[in-house]
Amino acid sequence: MKVIVAGAGPGAAELYTDKMIQAVRSADLVLTAGRLYDSLSALTDKVQVMGVMDTVSYINAHRKESMTICVAASGDTGFYSIASTIAKNVRPEIEMEFISGIGSLSYFMAKLKLGYEDVKTVSLHGRNKSIVPYVCYHEKVFALTGGTLKVQDIAKQLRKAGLSNVTMYIGENLSLEEERILTGNPADFAEMEFDDLSVLVVENKNYANRHKTLKDEDFVRGKSPMTKEAVRNLVLSALEIEPTDIVYDIGAGTGSVTCAMAYKAYESTVYAVEKNSEGVELVKQNMAATGAGNIVIRNALAPDGLSDFPPADKVFIGGSTGNLREIMEVVLAKNPTAVFAVTAVTLETISQATEVFKELQMATEVVCANIATAKKLGNYHLMQADNPVYIIKGARKLEN
């Protein structure tokens with residue numbers, strides 16, 4: 001058996017490539033989605049509508065037969081295509097060939113007269129995820145929509161995250177007779193209805209540079225305590241946050257660590273709790289000041305407020321108000337492999353933290369940071385020491 005997966009383009013038959021048409025006409029059987037059935041039936045009478053996993057099952061079941069199957073896939077075979085799913089799941093002895101097609105990205109960007117060499121691409125089709133992190137840290141984001149998240153839902157996400165000033169370009173029914181292309185901001189589209197398989201580009205001229213190291217002067221200061229820059233950087237080093245990690249910040253204070261962690265988790269979300277309402281407002285101000293919109297902040301005394309957060313991969317605890325064990329138990333119940341970093345400046349907190357980590361059978365690493373900063377005094381600079389800070393890292397299993 002030979003299987004040819006051919007990219008059928010965004011929808012219109014006039015955009016089929018000659019090689020794709022030849023593959024369809026010469027195949028013993030053509031399998032495809034319902035939306036392509038009519039146009040493919042004009043080329044051959046051997047078309048059947050079949051879902052992707054049913055297609056895989058059919059191919060595997062008939063693998064010993066001497067035949068050629070053409071799977072016609074929407075768009076291009078290399079861009080969030082069913083082609084990769086088929087290739088991963090069919091039996092290894094089956095001969096495979098991919099034929100590229102015109103993808104929705106290239107088609108839509110040509111319609112907008114925009115280049116896409118600097119575009120961040122993401123698929124939200126059939127996925128319960130947010131576009132917000134991508135928009136925060138990229139000037140242009142291209143997204144496939146549909147299923148759980150439609151264009152109007154994405155517009156609401158952007159408004160809720162304070163990204164109301166971005167520009168949205170929406171493409172609906174691309175290449176078809178009823179094609180519609182719209183431009184506006186999230187408020188324009190939040191209450192509209194769009195086709196399930198629309199695409200969009202979000203342009204954020206004020207995107208944040210996620211590679212930047214945030215300085216103390218980047219933050220709005222208030223009455224809430226702020227973790228200083230040197231300690232923030234040590235905490236980030238200890239947690240080793242990956243772009244897709246779900247992160248908690250317990251006792252967010254001014255939000256300095258919250259925002260710094262959000263820069264690291266730039267394809268995900270930081271979930272923060274702060275017991276003081278004034279502190280919550282300060283965190284929101286610093287989210288706006290730094291462009292770190294991928295943060296959910298809640299006014300609560302942990303562990304209250306954590307129950308409906310998704311399981312955390314990394315957790316920073318800057319203030320537990322005596323509830324350290326309870327907080328850690330709630331986190332570990334969701335994800336037993338979560339990694340923690342706790343900061344302590346008093347002997348009592350150090351003692352409590354190390355004891356709780358031991359009771360919860362956590363492997364630990366402890367760093368004591370003694371930091372001094374130069375202060376100008378007349379014609380000289382005097383080193384002024386801060387209080388020693390302990391950073392206690394713990395997990396059920398720590399990587400060496």
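Val283 has its place in helix α11 (residues 277–290). Helices here are DSSP runs of H or I with at least four residues, strands are E runs of at least two, and both are numbered from the N terminus. The model is predicted: local features need pLDDT of at least 70, side-chain atom pairs count only at pLDDT 80 or more, and totals for chains, interfaces and linings use all residues. Residues are numbered from 1 along each chain as its sequence is written, and side-chain values use heavy atoms, with hydrogens and water left out.

**Val283 and its surroundings**

At 0% relative accessibility, Val283 counts as buried. Buried means under 20% relative accessible area, exposed means over 50%, and partly exposed lies in between (1.4 Å probe, protein chains only). Val283 touches Ala252, Gly253, Thr254, Gly255 and Ile297, leaving aside residues up to four places away in sequence. Contact means heavy atoms within 4.5 Å.

**The chain as a whole**

The protein chain holds 13 helices and 19 strands. Its C-alpha atoms fill a box of roughly 85 × 45 × 40 Å along the principal axes. Of the 400 residues in the chain, 48% are buried. Among contacts with a separation of 6 or more, 66% join residues 24 or more positions apart.

Helix α10 (residues 256–264) is mostly covered, with 8 of its 9 residues buried. Those buried residues are Ser256, Val257, Thr258, Cys259, Ala260, Met261, Ala262 and Tyr263.

**Aromatic pairs**

A pair of aromatic rings is described by the distance of the centres and the angle of the planes. Rings of Phe, Tyr and Trp (its six-membered ring) pair if their centres lie within 6.5 Å; planes under 30 degrees apart count as stacked, over 60 as edge-to-face and the rest as tilted. A search of the whole structure finds 6 aromatic pairs. Two of them are tabulated.

| Pair | Centre distance | Plane angle | Class |
|---|---|---|---|
| Phe79 and Tyr80 | 5.0 Å | 70° | edge-to-face |
| Tyr271 and Phe309 | 4.9 Å | 45° | tilted |

Tyr271 lies in strand β12 (residues 270–274), and Phe309 in the loop between β13 (295–299) and β14 (314–317), so the pair ties together parts 38 residues apart in sequence. Both Tyr271 and Phe309 are buried.

Phe79 is buried, at 18% relative accessible area. Tyr80 is partly exposed, at 42%. Ring pairs link Phe79, Tyr80 and Phe142 into a cluster.

**Helix α12 against helix α13**

The axes of α12 (residues 324–334) and α13 (residues 347–359) come within 10 Å and cross at roughly 35°. Axes are lines fitted to C-alpha atoms, for helices over the stretch in contact, and angles run from 0 to 180 degrees between N-to-C directions. The crossing of α12 past α13 is right-handed. That term applies if the near helix is turned clockwise from the far one by less than a right angle, and left-handed applies if anticlockwise.

From α12, Leu324, Arg325 and Met328 meet Gln352, Ala353, Val356, Phe357 and Glu359 of α13. By class, this contact has 5 nonpolar, 1 polar and 2 charged residues. Ala, Val, Leu, Ile, Met, Phe, Trp, Tyr, Cys and Pro count as nonpolar, Asp, Glu, Lys and Arg as charged, and the others, Gly among them, as polar.

**Loops and backbone details**

A cis peptide bond joins Ala302 and Pro303, with omega about 10°. Pro303 lies in the loop between β13 and β14.

Ser175 is not a glycine, yet its phi is positive, near 75°. This residue sits in the loop between β8 (167–172) and β9 (180–184). Ser175 counts as buried, at 12% relative accessibility. Glu240, also not a glycine, has a positive phi of about 50°. Glu240 is in the loop between α9 (229–239) and β11 (247–250).

Thr77 belongs to the loop between β4 (68–73) and α4 (82–89). At 10% relative accessibility, Thr77 counts as buried. Beyond residues up to four places away in sequence, Thr77 touches Val5, Ala6, Gly7, Ala83, Phe98, Ile99 and Ser100.
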